[in-house]
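Subject: Structure for your review

Dear colleague,

Please find the structure below, together with its sequence. My findings follow it, and I would be grateful if you could read them alongside the coordinates.

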Amino acid sequence: MCKGIAITGMGAISAIGNNVQENYDALVSGKIGISRISKVDTVHKNDIMVGEIEMTNDQLKQKLGIAKETAVSRTALLAMLAADEALNQAGITDINDCETGLISGTTVGGMDQSEKYYFEYLESDEHWGHINGLHAGDSTQKLADHLGLTESFVSTISTACSSAANAIMLGARMIKSGQLDRVVVGGTDSLCKFTINGFKTLMILSDTYNTPFDDERKGLNLGEAAAYLVLESDEIVKRDNKKVLGYVTGYGNANDAFHQTASSENGDGAVLAMEKALKVSGLKPSDIDYVNAHGTATPNNDLSEGRALLRMFGDQVPEFSSTKAFTGHTLAVAGGIEAVYSVLALQNNIIYPNLNFKTPMKEFNLLPQTTVKQKELRHVLSNSFGFGGNCSTLIFSKEANETSIYK
């Protein structure tokens with residue numbers, strides 16, 4: 001049985017950087033990616049703020065060597081760029097040299113292009129490629145084709161904002177059980193009118209910079225991103241003498257079955273997810289050195305997650321912060337981009353600041369870390385909570401934990 005789920009490569013693109021290094025530099029320098037909408041033609045462009053990636057679709061295609069006229073959604077293009085970086089860092093030149101899988105999370109799918117041609121597709125077959133590329137699995141298959149992955153496990157997970165976290169969890173379990181030797185895991189989502197309109201209807205979008213865990217928080221900023229990790233078994237790491245960036249040592253998923261969009265007021269699902277992740281890892285709550293919180297800056301999430309942290313850690317809640325004030329809430333990618341950030345935190349022994357925090361929440365005495373802090377880190381816990389109460393927790397560690405169990 002595989003003892004350690006090694007992370008050997010990472011790739012990321014978000015509103016604060018086009019690769020992993022640029023993302024890290026922004027996090028430690030306080031550079032935010034939140035602005036008014038400029039890339040999406042929407043009536044709400046002056047009402048809300050978002051985290052947009054600067055590169056256009058044509059620029060992404062050019063960088064990837066894809067013909068301009070090829071029907072590919074922005075969601076798939078972002079995925080290709082991030083996954084290429086992850087495989088390159090992992091030193092993989094032949095992706096099929098062992099049993100390799102791909103598990104990708106998305107919520108938006110190809111909607112960004114489908115909505116663009118929605119009113120034209122019945123009149124002409126010119127845009128059928130975009131309409132057919134709407135479903136979530138299309139971006140995953142296009143990514144698999146781009147990577148040259150053949151005759152292996154390819155799957156898509158769409159559990160709202162916990163999608164990428166669940167992709168990482170499933171990938172880790174498949175390596176742990178011996179079904180795969182290597183798996184590319186993460187998620188991708190692009191901004192589009194459909195998403196903006198949907199969240200606007202829910203009345204949880206902020207018209208200014210989001211303020212996680214602040215008593216006067218007004219809501220979230222939507223963001224777009226793609227992030228992937230390469231997970232490999234002990235055997236492959238040893239065979240190829242791989243450099244290991246960190247390990248996935250814990251994972252847990254639970255559903256509080258409370259509401260279609262809201263988390264339970266007391267954080268029941270979050271507590272269950274964290275308990276399961278700790279059980280899988282063999283760690284105690286006191287072993288966690290930093291929590292990368294879900295921290296969406298919505299009234300419901302921050303209250304629910306704060307109460308969950310208190311239930312989990314008591315009066316010994318470790319330093320915690322939300323990085324969504326940098327990137328916006330990247331939906332299905334949240335667990336993936338924050339997994340990358342968690343591993344970078346481990347590598348650099350650093351805790352990121354919870355930006356824009358001013359006023360403590362009146363419901364409890366919890367204060368996020370508001371400045372960059374150096375601290376020796378061994379284990380980082382990352383939370384991702386999705387609509388429908390789908391709560392997931394991942395634990396990343398510097399070393400494989402011998403007490404970790406298979407589940």
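Two strands are taken to pair if DSSP finds at least two bridges between them. Please note as well that this is a predicted model.

**The three-stranded sheet**

In strand 3, M49 is the bridge partner of R36. Strand 2 and strand 3 (residues 49-51) are paired in the antiparallel sense, over three bridges. They belong to an open sheet of three strands, whose order is 2-3-7 and whose pairing is mixed. Strand 2 (34-36) and strand 7 (222-223) stand at the edges; each has a single partner strand, so one side of each is left without a neighbour in the sheet.

In soluble globular proteins, nonpolar side chains tend to be buried together. Here, the largest nonpolar core has 49 residues, and those touching the most other members are I7, M10, L229, L231, V248, V340 and Y352. Helix 13 (residues 334-348) gives the most to this core, contributing eight residues. Another core lies apart from it, with 29 residues, including L64, A76, L87 and L147.

Leaving aside residues up to four places away in sequence, M10 is in contact with V20, E85, A86, Q89, Y228, L229, L245, V340, V343, L344 and Q347.

Helix 11 gives the most, with three residues. By class, nine lining residues are nonpolar and nine are polar, while none is charged.

T296 is located in the loop between strand 10 (290-292) and helix 11 (299-313). Is T296 buried or exposed? Buried means under 20% relative accessible area, and T296 has a relative accessibility of 5%, so T296 counts as buried. With residues up to four places away in sequence left out, T296 touches G219, L220, N301, D302, K324 and H329.

I would welcome your comments on any of these points.

With kind regards

Key. Residues numbered from 1 in each chain as written. Predicted model: local features only at pLDDT ≥ 70, side-chain atom pairs only at ≥ 80, totals over all residues. Heavy atoms only, no water. Helix = DSSP H or I, 4+ residues; strand = E, 2+ residues; numbered from the N terminus. Buried < 20%, exposed > 50% of the residue type's maximum accessible area, 1.4 Å probe, protein only. Contact = heavy atoms within 4.5 Å. Core = buried A, V, L, I, M, F, W, Y, C linked by side-chain atoms within 4.5 Å. Nonpolar A, V, L, I, M, F, W, Y, C, P; charged D, E, K, R; others polar.
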